[in-house]
Amino acid sequence: MIKINSLTKKFGKIPVLDNISLTVKKGDRIALIGQNGAGKTTLIRIILGQYLFNGELTVFDKNPRHHRVEILDRIGFVPQLPPPIQMNVGELVKFSASISRKSGIDAIYQKATELGLDIEKNVKKPFQKLSGGMKQKLLIALALAKQPDILIMDEPAANLDPQGRQAFFLQLIRSMENTTMLLSSHRVDEIINLINRIVEIDYGRVVQDEQIDRSHFADKMLKCQITLTQNHEAAIRMLNDWNFKNKNGGRKFEGGFIGAERLRFLTSISHFANHIQELNIS
Amino acid sequence: MNTFFQVSIADFRESFRAKWFLIYSLVFGGAVILLFVLGITESRVMGFTGLSRLLITYIQLCVAILPILILISTVRSVVGDRESNILEYFLSMPISLGAYFWGKIVSKFFLIFIPISTALLGAIVWGMVKSLSIPWYIAGYYALLLGTLSWCFLGLGMFISTLVKKQEWGLGLSILIWLVLLLFIDVILIGLMLQNQIQESVIVAVSMLNPIMVFRTGAVLLFDPELTSMGPASYVILDNMGYRGFLTFTILYPLSLGWLFSWLGFFRFKRGDLV
């Protein structure tokens, strides 16, 4: 669906993307990870035909700059920050539905409902006046209603609080099936359930490209034992969420998870690294 | 074509809610009301009184403030959308660059033209209510003149908007251009004439390249057909173009300039990084 070969993008003399090659196939759900300034947003904007570049890039076998309308009609995009659009919600929904061939007002309402947003209640509200979470849900509903062949999301939960982020991703998982997806994020743990491939960009280069579900341990059950330094409430709550059982009422916990979840598990416990005395995964 | 209209309508709605539009409308609506309140229709200048006198004053006001108001309000169009990430979002939709750019220009033109023409129309209606004689010829020509001037500075504003990377630079450049154009109406040109170093016809030609000067001279021409108020410059203008020729020029020149800047802006916009 997307073929990138020796792609370089410079701003002035500074290369932001440096000789990148990447192929995105149908069904890939990619987490595009990397630090701030790694080049994630630049890559997304190039795919959307918004930046000029050197090298080769085709989306649906076409140049995204020369066949913008055709290509963008098949791509759903959710930006990092909701833009300060002055239109009210109803107008924005109508506008989006009228611009995209496959979108429609009913489809947008349905997708928004699936994400937990009642458009009807907010139809007269200026988009600007919605809360951060509501804005993001509406933008996702607009993108999904297009029935995109590729869904691109640039840090879609960047402006949500931690609880909001969790709820948002849970709702997103429920509302999407078999969509090819490119999801830029700082935090893999949040999106791990959405993706099947990780591409890491660092200083404008692809430094990691790995299929998650094809890994050696993906379908194996892993056994884990953790000993905490003290009875840390939040850490215990997290372990309970993972169905870990406390052993003999002490600080030792036992549980398990499937291999495909190991990255998410390790990220979860990394928040409590100071409170872990012993960790054993086998 | 559908996306072009959708973009125009969306941009019209967006701008209609913006504060600049409210201020802009109040300035021109308020100017006409103020002129009535001040009793300008009762005064007489060069034989003009009543509604003609008011329209002449109104058009002189427009010479001074319309260009800068248009520049300030349009110069942020592309660069402002770019800075606020609105452009990133809208251009991720299947909207052609032409539909986006020209859709915005058309909506901005109506936004600019509606308040000034409504003020003009309001003045005429008020004149009819007050049983003043209506100078239809002057009013019609002034409406046309205001339209072409708006188009000219709208094109320039959009061009600047595609040229600069920051809104502040756009605003700075707009004010600078406006000041230069204002200075080249009188101050600098009179200085050059007094020095007698440059031929008069060259100075007049330079002034006729200035769209504000063309607008101003066109406005003067209707109530002063021999341009006596302009002194010797009138010979150069009227000898070369004639009355009707110059009237046509005052319409066609700003219109062409507006198209030229709009196209330059569009080419600049579509040839570079969009966001």
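Analyst: A helix here is a DSSP run of H or I with at least four residues, and helices are numbered from the N terminus. By that numbering, Val75(B) falls in the loop between α3 and α4 (77–83) of chain B. Please note that the model is predicted.

User: Why is Val75(B) called buried?

Analyst: The label buried applies under 20% relative accessible area. Val75(B) has 1% relative accessibility and therefore counts as buried.

User: Which residues does Val75(B) touch, not counting residues up to four places away in sequence?

Analyst: Contact requires heavy atoms within 4.5 Å. With that limit, Val75(B) touches Gly157(B), Ile160(B), Ser161(B), Gly170(B), Leu171(B) and Ser174(B). Ser117(B) is 42 residues from Val75(B) along the chain, and their C-alpha atoms are separated by 22 Å.

User: What makes α2(B) and α3(B) roughly antiparallel?

Analyst: Helix α2 (residues 19–37) and helix α3 (residues 50–74) of chain B pack at about 165°, their axes being 10 Å apart. Angles over 145 degrees count as roughly antiparallel, so α2(B) and α3(B) receive that description. The crossing of α2(B) past α3(B) is right-handed.

User: Which residues form the contact of α2(B) with α3(B), and how do they divide by class?

Analyst: On the α2(B) side the contact comprises Trp20(B), Tyr24(B), Val27(B), Phe28(B), Ala31(B), Val32(B), Leu35(B) and Phe36(B). Among the residues they meet in α3(B) are Leu51(B), Leu54(B), Tyr58(B), Leu61(B) and Ile65(B). The residues of this contact are 16 nonpolar and two polar, with no charged residue.

User: What makes α3(B) and α11(B) roughly antiparallel?

Analyst: The packing angle of α3(B) and α11(B) is about 180°, with the axes 10 Å apart. That value is over 145, so α3(B) is roughly antiparallel to α11(B). From α3(B), Ile56(B), Ile59(B), Gln60(B), Cys62(B), Val63(B) and Pro67(B) take part. From α11(B), the contributors are Ile212(B), Phe215(B), Arg216(B), Ala219(B), Val220(B) and Phe223(B). By class, this contact has ten nonpolar residues, one polar and one charged.

User: Why are α10(B) and α11(B) called roughly perpendicular?

Analyst: Helix α10 (residues 200–209) and helix α11 (residues 211–223) of chain B cross at roughly 95°, and their axes come within 5 Å. The range from 65 to 115 degrees counts as roughly perpendicular, and α10(B) and α11(B) are therefore placed in that category. Ser207(B), Met208(B) and Leu209(B) of α10(B) contact Pro211(B), Met213(B), Val214(B) and Thr217(B) of α11(B). Five of these residues are nonpolar, two polar and none charged.

User: How do you know whether Ile138(B) is buried or exposed?

Analyst: Ile138(B), in helix α7 (residues 136–163) of chain B, has a relative accessible area of 9%. Buried means under 20%, so Ile138(B) is buried. Leu51(B) is 87 residues from Ile138(B) in sequence, and the two are 10.0 Å apart in space, C-alpha to C-alpha.

User: Why does Arg244(B) count as exposed?

Analyst: The cut-off for exposed is over 50%. Arg244(B), in helix α12 (residues 233–271) of chain B, has a relative accessible area of 63% and is therefore exposed.

User: How many residues of chain A are in contact with chain B, and what area is buried between them?

Analyst: In chain A, 31 residues are in contact with 29 residues of chain B. The buried area is about 2,700 Å², with 59% given by carbon and sulfur atoms. Gln50(A), Phe95(A) and Ile99(A) supply 22% of the area that chain A buries against chain B, more than any other three residues.

How values were computed: Residues are numbered from 1 along each chain as its sequence is written. Chains are lettered from A and ligands numbered from 1 in the order in which they are written. This is a predicted model: local features need pLDDT of at least 70, side-chain atom pairs count only at pLDDT 80 or more; totals for chains, interfaces and linings use all residues. Side-chain values use heavy atoms; hydrogens and water are left out. Axes are lines fitted to C-alpha atoms, for helices over the stretch in contact, and angles run from 0 to 180 degrees between N-to-C directions. Helices (H or I, at least four residues) and strands (E, at least two) are DSSP runs, numbered from the N terminus. Angles under 35 degrees count as roughly parallel, over 145 as roughly antiparallel, 65 to 115 as roughly perpendicular and the rest as oblique. A crossing is left-handed if the near helix is turned anticlockwise from the far one by less than a right angle, and right-handed if clockwise. Ala, Val, Leu, Ile, Met, Phe, Trp, Tyr, Cys and Pro count as nonpolar, Asp, Glu, Lys and Arg as charged, and the others, Gly among them, as polar. Buried means under 20% relative accessible area, exposed over 50%, partly exposed in between (1.4 Å probe, protein chains only). Buried area is the accessible area (1.4 Å probe) that two parts lose on being put together, summed over both.
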